[in-house]
Amino acid sequence: MTRILCPVDLSESSRRAFAQAAAVAAWERATLAALLVYQPEATVASLRVGAGTLPRTVTGAVRDALVGKVREHIAPVRGSEFCTGIHVQEGTDVAGTIVP
């Protein structure tokens, strides 16, 4: 195993999953990337950027804000230094975005 992709949704459960992925990445000496699938209709409080809900499409500024939120989310995780990338993809089918 050389690469691990770990989907996150900014919940505590996804932080624990990322911690497990980081441990496996360290053990396997694999690269690790975090993926947030942005759902345009999402109104989940943890995904809010500023006031109100998120816009319907991912623009550069929104993408940067979401990457920042993911970075903050995974920062406390031991092994997060193995994370080589944070990806934000727009879509409504999370599973289909991860495995097309």
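**Why these words? A chat about a predicted model**

Visitor: Why is C6 called buried?
Guide: C6 has a relative accessibility of 6%, and buried means under 20% relative accessible area, with exposed over 50% and partly exposed in between (1.4 Å probe, protein chains only). So C6 counts as buried. By the way, this is a predicted model, where local features need pLDDT of at least 70, side-chain atom pairs count only at pLDDT 80 or more, and totals for chains, interfaces and linings use all residues. Residues are numbered from 1 along each chain as its sequence is written, and side-chain values use heavy atoms, leaving out hydrogens and water.

Visitor: What makes V70 buried?
Guide: The relative accessible area of V70 is 0%, so V70 is buried too. Leaving aside neighbours within four places in sequence, V70 is in contact (heavy atoms within 4.5 Å) with V8, L10, A34, L36 and I86.

Visitor: How do you know that strand 2 and strand 3 pair?
Guide: Strands (E, at least two residues) and helices (H or I, at least four) are DSSP runs, numbered from the N terminus. Two strands pair if DSSP finds at least two bridges between them. Strand 2 (residues 31-38) and strand 3 are joined by 7 bridges and run parallel, so they count as paired.
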